[in-house]
Amino acid sequence: MAVVVFVGSSINLNAHQNVIAQEDSASCFEQAHYFADWIGSMFEMNALDRLELILDYTEQCENQN
Amino acid sequence: MTKYLILAFFIPLFSLGQSNLKVTYKSSISINLDTLKGPSDFKKSFEKAINKCELLDFNLSINSKDNISVFNRNDLVDSSITKLDLNIISLIIDSDGKFFTSKGKLIHDYYLIDKNLKVEIEDKINWSLVNEKKSIGNYECLKAVGKVHYGKHKGETIEAWYAPSIPLSFGPKMYYGLPGLILEIKEKNNIIYADKIEFLNKDIRIRTPKRDQLISEKKADSILVIMNKKAKNYFKH
């Protein structure tokens with residue numbers, strides 16, 4: 001699986017939507033990063049919260065595929 | 001309207017002979033999903049998670065003779081709640097671990113990944129009593145407001161409803177110190193409410209962490225800083 005590192009959590013929602021629009025090309029891991037950014041834009045989250053969210057989203061997404 | 005139905009059937013009178021209580025709390029998240037912006041898949045995952053919130057039960061056990069309580073989430077009984085759901089709920093409700101109040105002191109016992117922390121919290125909520133009443137089940141409750149003094153939502157305003165007819169100054173999570181049991185807490189994005197109260201004649205044994213296991217909030221914050229640094233570096237290797 002390609003590992004993509006996203007620095008910071010201020011990616012805008014249009015970027016999220018673009019990725020989801022191309023869902024076929026976004027891995028679960030990539031989607032998880034965007035999901036964490038999206039949640040982080042609504043609620044205060046530290047790096048540990050973000051890490052757990054990414055790992056759990058990735059796992060759930062991979063189990064569903 | 002139905003959330004207090006069970007509570008209404010329980011004996012509304014408190015007597016000092018019944019010194020032990022078990023209170024089951026439930027929670028509901030109140031976020032207007034229509035106003036959320038973002039990808040529909042994300043919104044669906046988020047909505048699914050917050051709807052599961054009502055399947056969670058929280059327990060407050062009180063030994064009034066020893067002036068001790070412990071609050072924690074009960075083990076999951078519904079297997080449809082995933083780790084991701086719990087994680088999302090936890091970001092909003094911030095109720096991981098156990099909250100002990102012992103002789104007027106608050107202790108938060110929780111895990112940061114695999115590291116157990118037992119934190120003694122020095123600050124107390126400075127409650128303001130408000131001249132408003134409402135009934136919760138058979139209990140007449142009074143309102144108090146305060147500011148969150150600990151955790152992720154520190155500084156946010158909260159609203160508590162307590163029952164003076166149950167003169168025990170305990171409540172859910174880190175909330176205590178009112179002249180009656182707290183039956184409802186309204187936080188920024190959620191409400192925690194009592195669903196069932198059991199008065200017990202038998203003893204409830206609550207084991208609070210030992211004195212030498214406790215760390216200060218400052219120490220806990222420094223551990224969190226280190227753990228956060230490790231988390232940030234996690235995907236870089």
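# Reading an interface, a helix and a strand pairing

Analyst: The contact between the chains takes 22 residues from chain A and 22 residues from chain B, where two residues are in contact if their C-beta atoms, placed from the backbone, lie within 7 Å. This is a predicted model, in which local features need pLDDT of at least 70, side-chain atom pairs count only at pLDDT 80 or more, and totals for chains, interfaces and linings use all residues. Residues are numbered from 1 along each chain as its sequence is written, with chains lettered from A and ligands numbered from 1 in the order in which they are written.

User: Which element gives the most to the side of chain A that touches chain B?

Analyst: Helix α3(A) does, with nine residues. Helices α1 (13-21), α2 and α3 (47-64) of chain A each supply at least two residues of that side. Helices (H or I, at least four residues) and strands (E, at least two) are DSSP runs, numbered from the N terminus.

User: Which residues of α2(B) are buried?

Analyst: An α-helix has 3.6 residues a turn, so residues three or four places apart point the same way. A residue is buried if 20 or more other C-beta atoms lie within 10 Å of its own, exposed if 12 or fewer, and partly exposed in between. In α2(B), the buried residues are F42(B), S45(B), F46(B), A49(B) and I50(B). They lie on the same side of α2(B), because they cover an arc of only 125° around the axis, the arc being that of the directions from the helix axis to the C-beta atoms. The face turned away from this buried side carries the exposed residues S40(B) and K44(B).

User: What do the buried residues of α2(B) pack against?

Analyst: They pack against α2 (28-40) of chain A, together with β1 (20-29) and α3 of chain B.

User: How many bridges join β1(B) to β11(B)?

Analyst: Two strands pair if DSSP finds at least two bridges between them. Here, 10 bridges join β1(B) to β11 (residues 190-200) of chain B, and the two run antiparallel.

User: Where is K103(B), and what is its phi?

Analyst: Most residues other than glycine have a negative phi. K103(B) has a positive phi, near 50°, and is placed in the loop between β4 and β5 (105-112) of chain B. K103(B) counts as exposed because it has 8 C-beta neighbours inside 10 Å.
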